[in-house]
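Here are my notes for someone who is opening this structure for the first time. They are set out as numbered points, which can be followed with the structure in view.

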Amino acid sequence: MSVITLQLGQCGNQVGEQTFSTLIDDIYSKSTGVTSKENQDYKDSSLETFFTQSENGGRDGLQSLPKARAVLVDMETKAIAQTLQQARKSGKWSYHDKQWYSQKRGSGNNWAYGYCVHGPKSKEDIMNLVRKEGEKCERVGGFLSFLSLAGGTGSGVGAFVTQSLRDEFPHSFIMNQVVWPYSTGEIIVQNYNAILTLSHLYDTADAIVVMENDSLHKICAQLLNIKNISFRDINKVIAHKLTSVLQPSLDDLKYLLFFLIISGYMLERLVPHPQHKLLTVKNIPQMSDIAREFSVYQWPGLMKSLRQMLIADAPMEEGINWEVKPATRTSSGHTCFNKSLSTMLFLRGKDSSTIDASMFSDPNIYTSWMSAELASCVSRQPRMFCDYDKAAALVSNSCAGVKPLNCIMQKAWNMFSSRAYVHQYLKHGLSEEDFLDSFVSLEKVIAGYNNL
Amino acid sequence: MTQSVVIQVGQCGNQIGCRFWDLALREYAHVNKNGVYDESIGSFFRNVDSRHEDPANIPLGHGKGKIKSLKARAVLVDMEEGVVSEMMKGPLGEVFDCKQLLTDVSGSGNNWATGHKMYGSQYRENLSEVVRRAAEFCDCLQCFFVLHSMGGGTGSGIGTFILNLLEDDYPEVYRFVTAVYPSAEDDVITSPYNSVLAMRELTNHADCVLPIENQALVDIVNKITQAIPSTKTGKRVYSHPVVKTESALTAGTSGVVSSSKERPFDKMNNLVANLLLNMTSSARFEGSLNVDLNEITMNLVPFPKMHYLVASQTPLYCMSDVHLPPRRLDQMFSDAFASDHQMLQVNPKRSLYLACALMVRGNVELSDIRRNIDRLKPNLHFVNWNQEGWKTGLCSVAPVGQPYSLLTLANNTCVHNTFSEIRDRFNKLYKRKAHLHHYTQVEGMELADFTDSLESLNSVITEYYSLEQSMGQPVVVEPRLQIAS
């Protein structure tokens with residue numbers, strides 16, 4: 001079973017490319033910690049899921065490079081050309097020829113232009129590319145799309161394409177990975193673009209994985225010790241987080257090599273209610289390559305930190321607030337910790353199969369209407385991940401996703417109250433009601449999470 | 001990649017245009033050393049085979065073909081022959097397509113009505129034709145740049161007439177106008193009339209206007225000339241006490257036009273030409289944060305009529321002489337907000353910012369921009385619904401001879417001061433009905449044009465002014481939507 005990836009807009013293409021690189025790096029990494037047979041299984045399943053390989057090899061008799069099961073979309077040529085070249089330069093994998101779609105004119109940061117103009121115009125071509133990619137798979141499990149919320153192409157065209165995917169593949173899962181812009185942004189209308197995108201994705205996607213540039217920036221600065229942080233560094237962190245979830249692992253109950261993600265099983269577990277679709281990924285440990293060689297860490301410590309990261313909603317293991325406890329309540333009776341709906345834990349590396357993960361099935365950290373057994377799920381993989389001999393990742397459906405959303409809503413609402421910039425959207429066929437609908441549907445989402 | 005067409009109208013427009021093409025060629029000569037006709041150079045020039053009578057377009061192909069002969073994507077319009085024919089005879093003449101120009105002999109007599117109403121209707125077909133020719137050579141035309149002055153007759157009259165034509169014929173294509181406003185001591189008596197009449201057209205039909213004041217340009221040029229090192233004691237005295245060659249201000253020897261023939265307005269026009277180059281650089285060259293031209297209006301124009309952007313460029317000293325030691329990078333950011341660097345005589349720091357774009361070229365990192373935004377923001381007032389109203393762009397190709405440069409485009413309420421001054425000058429004449437008959441005797445021109453234009457200007461002033469009044473006032477925030485549980 002395979003997953004088809006869609007890379008939408010400049011940001012989506014950059015993140016997508018980085019994710020495939022990280023997947024390949026992990027697949028071919030030297031330190032595995034398992035027998036070569038087990039490692040081969042791991043490699044084969046991962047390659048089968050995300051890449052195609054021609055059977056008879058390349059022209060010169062050598063095995064040809066794996067090709068990503070991806071469709072690249074941007075309304076401008078520059079970013080796609082760069083992405084294709086990056087992949088080719090890696091020498092380890094590449095994209096299929098002609099599996100990309102671009103136009104000459106970008107969407108100009110205007111969501112309406114992407115959604116109402118570029119989207120319908122390019123729909124057939126993009127869907128044809130998706131079908132072509134689908135024909136190469138024995139079975140399509142679902143779709144993973146990368147996009148940013150701020151720009152016009154990724155967000156506008158992305159929302160439109162997701163809708164088309166849903167119409168054509170009603171039973172496949174669709175997971176969107178969205179990048180939340182810096183709060184002091186590079187685009188003035190990013191808050192509008194973000195709420196329009198999110199409200200549309202909420203109707204069509206099965207899950208939305210949220211990554212915030214601000215916290216990623218912090219991870220780069222504090223954990224990875226990078227001085228002049230570029231977008232490439234940030235994308236690497238995103239790719240690392242995603243890969244630690246996407247790579248094969250074994251489920252506790254069935255105990256078979258089992259692709260959690262591709263069967264849609266992961267999303268079934270994580271999204272028990274259509275009103276709650278915002279997922280966040282926390283992982284541990286994260287450090288620079290140099291620091292890793294000199295670091296020793298033990299499972300109990302990792303597990304404890306990860307749990308506290310969840311409860312206190314900390315983006316990284318440094319600077320966690322250890323004061324927050326699941327039972328604590330403020331004087332008004334509200335809970336002040338990050339309450340979850342469901343979580344899924346991925347343990348990778350040495351001894352991962354024997355670790356006790358019961359601290360994540362504590363009913364106190366979940367909302368009252370979810371039973372702790374259903375809410376938590378553990379999956380394990382003895383093979384080392386990205387040269388870390390122990391690594392853990394936690395996907396959670398929790399209030400953590402709401403905080404940045406609330407912030408963006410406030411800013412967008414302030415702007416909308418004075419109707420600033422709205423005419424730019426009306427020009428391309430959006431109406432003020434569309435804005436209001438988006439506000440309403442997202443206020444519902446926020447309220448839903450706050451009531452957990 | 002998209003293309004742009006530059007439409008230069010009247011004496012002022014054509015002179016600025018002339019400097020622009022000279023500097024654009026110099027920039028490409030510097031960046032594109034192999035003489036390859038690629039997408040980037042294609043955004044302003046087409047590649048032609050000049051052996052034919054009507055030079056045929058050589059298609060871009062894979063962007064690896066050689067440059068044969070370049071033709072500017074320009075349309076030249078003037079109602080006198082002087083300036084345009086001098087340009088065609090000059091060293092830049094070859095770069096213009098003689099089928100993309102339109103001239104008459106008698107001029108517009110500093111009368112907007114003659115330009116707009118009389119010549120407009122007389123030449124409507126021809127104007128459409130020359131513009132269509134330029135537009136048809138583009139495979140994805142994104143933007144028209146219209147260059148003209150506001151005070152004269154041809155530039156303001158026909159320039160704004162063309163603006164209407166463009167809106168009818170190419171509604172999808174953006175219309176950027178670079179409008180040079182007359183100074184208070186302008187020698188054209190009727191310039192206030194012409195400016196106000198033209199302003200109505202700009203307000204209604206342009207997507208974005210970059211107002212530029214002659215006096216501000218004069219001041220900047222003086223400032224630069226004074227700053228050359230020969231005037232300082234203890235420094236080596238240069239034999240030429242003028243601005244150095246190879247600088248952005250003079251274009252000098254590396255440009256096509258030799259500096260010995262420099263005309264008085266050239267330095268000022270170079271400033272405007274550089275503005276256009278810097279504004280489009282991020283769309284033409286690569287960078288880690290590209291800004292396409294359509295993003296400029298999207299981010300900087302919150303309300304349809306409030307599309308007047310104040311521009312400033314730094315560092316100025318580098319423009320005078322590339323051999324001066326580069327000033328601190330942060331100084332460049334500070335200067336961009338100082339009133340003596342603006343292309344209008346205004347002080348944006350005292351007024352309210354609706355939005356601001358920082359377009360950086362050259363060797364500057366994302367973190368440098370973030371640091372400077374954090375540093376400058378406390379001293380600037382932003383409108384309450386756009387507290388984070390920054391649009392940033394990073395282009396990796398620096399201007400010729402400079403390590404880095406910054407262009408700011410600000411939508412700031414300070415423009416209402418400039419516009420009010422023009423209105424006052426207009427009213428002074430209009431009260432006495434002075435020179436009115438010159439206008440009303442032109443066919444199609446009515447008194448209502450005056451009253452309408454005045455009203456239109458008033459509403460722009462009021463819109464900006466009322467926003468400025470909200471500065472410092474307590475903000476009433478509309479409560480967010482509540483979800484009934």
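Predicted model: local features only at pLDDT ≥ 70, side-chain atom pairs only at ≥ 80, totals over all residues.

1. How many bridges does β13(A) make with strand β15 (residues 390–398) of chain A? There are nine, and the pairing is in the antiparallel sense, with Arg348(A) having Ala391(A) as its bridge partner in β15(A). β13(A) also pairs with strand β14 (residues 376–381) of chain A, here in the parallel sense and over six bridges, and Thr343(A) stands opposite Ser376(A) of β14(A).

2. Turning to helices in chain A, helix α5 (residues 153–168) and helix α6 (residues 190–204) have axes that come within 9 Å and cross at roughly 5°. Because angles under 35 degrees count as roughly parallel, α5(A) is described as roughly parallel to α6(A). On the side of α5(A), the contact is made by Ser155(A), Gly158(A), Ala159(A), Thr162(A), Gln163(A) and Arg166(A), while α6(A) contributes Asn193(A), Thr197(A), His200(A), Leu201(A) and Thr204(A). By class, the residues of this contact between α5(A) and α6(A) divide into two nonpolar, eight polar and one charged. In general, an α-helix has 3.6 residues a turn, so residues three or four places apart point the same way.

3. In chain B, helix α4 (residues 112–136) and helix α5 (residues 154–169) pack at an angle of about 45°, and their axes are 8 Å apart; α4(B) and α5(B) are therefore oblique to each other. Is the crossing of α4(B) and α5(B) right-handed or left-handed? The crossing is right-handed. The residues of α4(B) that take part include Trp112(B), His116(B), Tyr119(B), Leu127(B) and Val131(B), and among those they meet in α5(B) are Ile158(B), Phe161(B), Ile162(B), Leu165(B) and Asp169(B). Taken by class, the contact of α4(B) with α5(B) has eight nonpolar, nine polar and one charged residues.

4. Helix α9 (residues 293–300) of chain B deserves a separate remark, as eight of its eight residues are buried, so this helix is largely enclosed by the rest of the structure. The buried residues of α9(B) include Leu293(B), Ile296(B), Met298(B) and Leu300(B), together with Asn294(B), Glu295(B), Thr297(B) and Asn299(B).

5. Finally, there is the contact between the two chains, which takes 31 residues from chain A and 34 residues from chain B. On the side of chain A that touches chain B, α13 (402–417), α14 (422–426) and α15 (432–450) of chain A each supply at least two residues, and α15(A) gives the most, with five residues. By class, this side of chain A has twelve nonpolar, 13 polar and six charged residues.

How values were computed:
Residues numbered from 1 in each chain as written. Chains lettered and ligands numbered in written order. Axes fitted to C-alpha atoms, helices over the stretch in contact; angles between N-to-C directions. Helix = DSSP H or I, 4+ residues; strand = E, 2+ residues; numbered from the N terminus. Parallel < 35°, antiparallel > 145°, perpendicular 65-115°, else oblique. Left-handed = near helix turned anticlockwise from the far one by under 90°. Contact = placed C-beta atoms within 7 Å. Nonpolar A, V, L, I, M, F, W, Y, C, P; charged D, E, K, R; others polar. Buried ≥ 20, exposed ≤ 12 C-beta atoms within 10 Å, placed from the backbone. Pairing = 2+ DSSP bridges.
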